[in-house]
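Take a guided walk through this model.

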Amino acid sequence: MFCLRGCSRLVCSSLLMATKPHRLHQIVAGATLQGSSKKPRTLMVDSAMQDGFAKYAEYLNELNDKRERIVKASRDVTINSKKVIFQVHRISRGNKEEVLATAENDLANVTKQYMSKLVKELQGTDFWKLRRAYTFGVQEYVEAATLCNFCKTGTLLNLSEINASLLPLSDPSMEPLQINVLDYILGIADLTGELMRLAIGRISDGEVEYAKKICSFVRDIYRELTLLVPIMEDNADMKKKMETMLQSVVKIENACYSVHVRGSEYIPLLGTNDPDFSLFGAADFEP
Amino acid sequence: MRSLLFRTAIPALHLFSPKTLTLVPLLPRSFSSKSPPMASPKDEPPASSSSLSIEKQFEGFRAHLEDSNSLRDRIRAVAVEMESVTRILYSNLLLVHQSLPISEVLEKAARQIEVLKGHYGRLAEILLECPGQYYRYHGDWRSETQTAVSLLAFLHWLETGNLLKHEEAEKKLGLGVSEFGLDIEDYLIGICFMSNELPRYVVNQVTAGDYDSPRKVLKFLTDLHAAFRMLNLRNDFLRKKFDGMKYDLRRVEEVFYDVKIRGLAPVDTAEEHSMQT
């Protein structure tokens, strides 16, 4: 028995060798040649089976290529949307209009150059089939678009408005790309983190009112999203984002609180009704 | 976390940093517009038209997601029934290991296949309500479909000795007429599952005295393995399943060898030839 085991291993090792790549060519070639190769058994490959698998191979190749193209486009969308977000953060009191104009321009370029690539790939059922390949790019894009819009108008850019802006990308023969609700919501969840940074920046810059506006806006979003999280499909991501979002809200609230409380300490010191912060700041800095 | 926040906020207040200093001339305007120490709760922006429009949009989302969930619940209900049919089908099929004549196994299975087909029909009807979103819910019936394909393919092999093709599998399940087809990856995974069943089948056939079956199974599995190697697979579940197939093949080779070396296998000239070379 023991001896037999050893012999059978010989058989297996020849099989395992057969999994090496160079053997594949032999077998495939053998199937077509039907001629005088050394291994008659591999020659008698079922040709109907091979035909079927040739089709499946083609299908899988196309699918994988498409997935790769989508991943690439999505990555481009992500990188460039991030740039837009950084541009928005360059805002300060004096340059709001120019900064936002540049940001909007950049965003329009992202839409035109990179989102348009996604439109072509995501026709028909591929939109849902390949969602994993593009969801991060789209989320980042939603984040950039809504952030720009908030800075400009102080309101939340609706999903329908974003989708309307994507319509011109597709020619009439194609189905238009429409961002789905899930990706939009995930993008909005990320938006609150950016708004937190913006709010802290604005407070440092003295624009307390603006920070307060952001604060109430983020609270609105957080409140609305708490209702949506339990009913979202595969919401593990979203639950994590909700925790981060709450932290962002609290950070903004605390920052507003410290301005509110400590801001009051300096006014009486100056002994004037019209506090001159520049004087105060300079005086504070001199010693 | 909190200390970090204060670090961010406090320099602004004390205007320590030279960077904020340069911006200082701008400060009085906003601060003098009202008196900061007296700030009252009224300063909080009230629920404005902006938050109303947010509310409205999110209400729409809620409705959308609730609809989607109820659709998913209905799909899951069908999937549960599919699962129980495939289980019955599988238990019927297990009788081949006890050497029940293949015709009887096929007959029993045929009835279950009809039931299964009915379930796919119901699923197709539900999916008509969400055109284009087939893959949104795909995960809910995926594993059931893979099992179903493996069972159908095994039955088909017992019946004909050939591999069940993708189109044939679609036809058996009543799919492919609408947008709702049999996903090719699911089909291939099902075929890999089927291959897992073959070593056990061969062992039991030999025990029951059928010494020719190892040759047949070995040929089929060798062909199948060769065919699978035509595919460029990603590093995914299918790849993993395919990698497992070689162990099935090895086991069947071992059985074939055992039978052959003892002269139990019926003498086959072609086979004899191939063994010599």
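How many helices and strands does chain A have? Chain A has twelve helices and zero strands. Helices here are DSSP runs of H or I with at least four residues, strands are runs of E with at least two, and both are numbered from the N terminus. Along the sequence, chain A reads α-α-α-α-α-α-α-α-α-α-α-α.

A word on the source. This is a predicted model, in which local features need pLDDT of at least 70, side-chain atom pairs count only at pLDDT 80 or more, and totals for chains, interfaces and linings use all residues. Residues are numbered from 1 along each chain as its sequence is written, while chains are lettered from A and ligands numbered from 1 in the order in which they are written.

Stay with chain A. Of its 287 residues, 36% are buried. A residue is buried if 20 or more other C-beta atoms, placed from the backbone, lie within 10 Å of its own. Now take the contacts in chain A with a separation of 6 or more: 70% of them join residues 24 or more positions apart. Two residues are in contact if their C-beta atoms, placed from the backbone, lie within 7 Å.

Next, look at a helix pair. Helix α4 (residues 47-89) and helix α5 (residues 96-121) of chain A pack at about 175°, their axes 9 Å apart. Axes are lines fitted to C-alpha atoms over the stretch in contact, and angles run from 0 to 180 degrees between N-to-C directions. α4(A) and α5(A) are therefore roughly antiparallel, a term for angles over 145 degrees. Their contact involves twelve nonpolar, five polar and seven charged residues. Ala, Val, Leu, Ile, Met, Phe, Trp, Tyr, Cys and Pro count as nonpolar, Asp, Glu, Lys and Arg as charged, and the others, Gly among them, as polar.

Turn to chain B. An automatic or database assignment sets the domain bounds: domain 1 covers 65-182 and domain 2 covers 186-263. Their centres, taken over C-alpha atoms, are 23 Å apart. In chain B, 17 residues of domain 1 are in contact with 15 residues of domain 2. On the domain 1 side, α6 (142-160) and α7 (166-173) of chain B each supply at least two residues. The largest share, nine residues, comes from α6(B).

Finish with helix α10 of chain B, residues 237-261. Its 25 residues reach 37 Å from first C-alpha to last, close to the expected 36 Å. Among its buried residues are B:Leu238, B:Met245 and B:Phe256. After α10(B) comes B:Gly263, with a positive phi near 65°.

Technical notes: Buried ≥ 20, exposed ≤ 12 C-beta atoms within 10 Å, placed from the backbone. Expected span 1.5 Å × (residues − 1). Parallel < 35°, antiparallel > 145°, perpendicular 65-115°, else oblique.
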